[in-house]
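Please keep the sequence and the structure in view while reading.

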Amino acid sequence: MKNYFSVNDIDSVSNWISEANDLKKNPGAHSELGKNKTLGLLFFNPSLRTRLSTQKAALNLGMNVMVMNFTGEGWALEFDDGTVMDQGASEHIKEAAQVISQYCDILAIRAFATLENKDDDYNEKVLKGFIKYASIPILNMESATGHPLQALTDAITINQFQAKKRPKVVLSWAPHPKALPQAVANSFAAIAQRLEVDFVVTHPKGYELQDEIVGASNIEYDQDKALKDADFVYVKNWSSYQQYGKILETDMSWRISQEKIAATNKAKVMHCLPVRRNVVIDDAVLDSESSIVIEQANNRTFAAQLVLQKLLKANCQE
Amino acid sequence: MKNYFSVNDIDSVSNWISEANDLKKNPGAHSELGKNKTLGLLFFNPSLRTRLSTQKAALNLGMNVMVMNFTGEGWALEFDDGTVMDQGASEHIKEAAQVISQYCDILAIRAFATLENKDDDYNEKVLKGFIKYASIPILNMESATGHPLQALTDAITINQFQAKKRPKVVLSWAPHPKALPQAVANSFAAIAQRLEVDFVVTHPKGYELQDEIVGASNIEYDQDKALKDADFVYVKNWSSYQQYGKILETDMSWRISQEKIAATNKAKVMHCLPVRRNVVIDDAVLDSESSIVIEQANNRTFAAQLVLQKLLKANCQE
Amino acid sequence: MKNYFSVNDIDSVSNWISEANDLKKNPGAHSELGKNKTLGLLFFNPSLRTRLSTQKAALNLGMNVMVMNFTGEGWALEFDDGTVMDQGASEHIKEAAQVISQYCDILAIRAFATLENKDDDYNEKVLKGFIKYASIPILNMESATGHPLQALTDAITINQFQAKKRPKVVLSWAPHPKALPQAVANSFAAIAQRLEVDFVVTHPKGYELQDEIVGASNIEYDQDKALKDADFVYVKNWSSYQQYGKILETDMSWRISQEKIAATNKAKVMHCLPVRRNVVIDDAVLDSESSIVIEQANNRTFAAQLVLQKLLKANCQE
């Protein structure tokens, strides 16, 4: 594995889950692996869980960490080729990626979708730019179209809480006051289809994710039907992919309430966080035993640590 | 000690001073205590001394440190229960505190008074919210109503410089162009009353600190009378508690000048810093041997280290 | 060496180059030297290469690093003496420098020219203020008038790529949409004159650097004449020193194109980065084998490490 760019970089989801479970029992077992290796964290967007859990994972491996918030501490980058750079951007990604590669052993990057230009976002201008020009492994800390560290976390969490061999897993859209990227939903849908689960996505019409990721067979537009007998409900808002970046629906009845959970098979409720209470999920649900969002967030550390271990082993051994 | 929230968490001020003095002689003596332990630093406000001295203290103990500036690197938190979170805040403290607790062993937080809502500030919405929901020890790096790391530093500093058994210690208000919180004055007044000193507070009428903290007997409205025979003058501006957050007085004659110090018993001048020269204290005083503000700032490291050691020993031993 | 403020602090450029080359072969050779020593990095301006390479250098030496972005995480400092500080600045450099000296072993500072006040800039108000009041070594990470870590890097890079005993080195001004400081050009010109090279500076009239630094004999106003037979072309924009901070020339024909390089002796092209492509240097040049800007940036780590080693050895041994 050269980079961890998407869930497609996971060769065996079940093996990775099993390795992450081992690692969770003994996080310090490989504290020599990262010695004298440096992880660079580049943030083009805010971050809490990813910022702290990825650092924690690196520390567990004995790595050094250098954090850079690109906006604020740095300057605007240019991503297009051939531009006459007489406007806002001071540096081209060609130089930035090559240079940073010389100071770090692994480079983790967060760069959200802009939701302004579908092509730029779905071509992964920023992450693919770094992958193209960097000479070290790139770790995706949420890009325009995916959040594979979160998806690996989610797979670990479903495994941790599943009570039956083949649970029903529902990804449910929920309302939100702001237009959000599809990244988390994309990566969760992609990994869910590789798990031994019955996977259903439910959302209002117009919120279909990219065809290649979900496929028509998994969509149920009636949320009540979708939630019936669910063992896991993964709640997440996203903006429209078709009418790119638009909010098409504000119907608060899509909000996850106790009544909706009552109709499931005592489903466990998941969310990547941050979650807006009483907009996306009700207090009554989040404060009940149905919610496993805190345990889910805890698994972020071990997902990140597993990926860092694999990147170190594959790329950074002398 | 579960948390270090206020000076009330100090069981014996004299013992702590003595332990801090030992530690100052050999800061690396406990460099194994914090091994594989992680201190999270959360800043909701700017910081220089606290930021650097608390990190340094953690490094002296062999701890890892992760710093997060909540504004800028993160997003707005919601602190009230039951809110429909469809406005600015993206995450509730319930989730934030529980999640961060899983990535760190101790969590240090700075969250100043807003000076807009006395109840919110004096109920310590932010710090008490974290204490309520976090599962790890919380260390106060200045909250709405108190700055107990500073107060412990101040006690250590008075002990270091006191020339007589029972010195006279005066906390003097001074003018300032901006409305400042009462936190430093509150914590200093609280700890000063537990020291073997004669403690007097002087300020213009209307600047009384919260009753429970100071008590009428310690107030002297005439600054000249208060300063007479003082061995230590602790200078600090704060805004009105009664007319909450207001600036009631701009009389520059409250400024600490050489003339005022001349009327004391060769008093040592203290200030928590940053200090506005020639507004709060004159150049002539700060640049004289009367001033011990630099030595005082040095003690910040050892106050923080002592508190971290105690939190580690009480909460983080396997 | 008490501080590394300018290239004048380098006692022997050739020895330093040779030491840096040794260190580059084995960056971890002195990983115990910085043990229990703390490097503070203070940024008054954005930084990418300097931020990361200086941290990396410190990590190679086993040092702890504390980073502080003064704007954003801190507050405005006052640098003038005797000011009544009732305006924007909350803290005087006298206190800041003395206090930070107590938390760190070496303090690295970036503070660009404001380009508003020539005297303030060329008196190095910020860096010289820290040097005056700090009690620990100060490392210049680019100040108003110089960037000596860059210049040392540049000397190492010329040595690495020189094919003849006495190469011709040309510092060429190039256009830029923003007014930039003279710091990089100043330090490069200063160090180039201490190398065994034929050194020429070329720029439009009005862009003369400070007399003491370059001297009239090295200036050639005709860029084509200057570039003829050049072995190295160091490209950099700067604003006018005489008409301080002004942009006097926007003639794009000064841009470094393949045609211009064709007229040299297959010159290697250098730039401190970030570089605006197709404004300062053309894509065709940067993407050709002529460009050594990436290798040059790599040497930043070893220049910083060499300087840190020297500061540690001279100042921080118990």
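## The contact between chain B and chain C

In this predicted model, the contact between the two chains draws 29 residues from chain B and 28 residues from chain C. The area buried between chain B and chain C comes to about 2,600 Å², and carbon and sulfur atoms give 58% of that area. On the side of chain B, the residues that lose the most area to chain C are Leu48(B), Arg276(B) and Arg277(B), which together make up 24% of what that side buries.

Between chain B and chain C the count is 4 salt bridges, and a salt bridge joins the side chains of Arg51(B) and Glu73(C), with a distance of 3.2 Å from N to O. Across the same interface of chain B and chain C, 15 residue pairs are found in polar contact, with both residues at pLDDT 80 or more.

Which helices of chain B each supply at least two residues of the side that touches chain C? They are α2 (49-60), α12 (283-286) and α13 (293-315) of chain B, and of the elements on that side α2(B) gives the most, with 7 residues.

## How the two copies are related

Chain B is superposed on chain C, with an RMSD of 0.0 Å, by a rotation of 120 degrees that has 0.0 Å of shift along its axis. The two copies are thus related as by a three-fold rotation axis. The copies use different surfaces in their contact, since 3% of the contact residues of chain B recur in chain C.

Among the residues of chain B, the one whose C-alpha comes closest to the rotation axis is Gly72(B), at 4.8 Å.

## A sheet and a helix in chain A

Turning to chain A, an open sheet of 4 strands is found there, in the order β2-β1-β5-β6 and with parallel pairing. Its edge strands are β2 (64-69) and β6 (138-140) of chain A, each of which pairs on one side only, and the twist from one strand to the next averages 20 degrees.

Within chain A, strand β1 (residues 38-43) and strand β5 (residues 106-110) run parallel and are joined by 5 bridges, and Leu41(A) stands opposite Ala108(A) in β5(A). Helix α2 (residues 49-60) of chain A lies across β1, β2, β5 and β6 of chain A, and the helix runs at about 175 degrees to β1(A).

Note on methods:
Residues are numbered from 1 along each chain as its sequence is written. Chains are lettered from A and ligands numbered from 1 in the order in which they are written. This is a predicted model: local features need pLDDT of at least 70, side-chain atom pairs count only at pLDDT 80 or more; totals for chains, interfaces and linings use all residues. Side-chain values use heavy atoms; hydrogens and water are left out. Copies are superposed by least squares on the C-alpha atoms of residues with pLDDT of at least 70 in both. Contact means heavy atoms within 4.5 Å. Two strands pair if DSSP finds at least two bridges between them. Axes are lines fitted to C-alpha atoms, for helices over the stretch in contact, and angles run from 0 to 180 degrees between N-to-C directions. Buried area is the accessible area (1.4 Å probe) that two parts lose on being put together, summed over both. A polar contact is a pair of N or O atoms within 3.5 Å; within protein, one must be able to donate a hydrogen and the other to accept it, and residues adjacent in sequence count only if both atoms are side-chain atoms.
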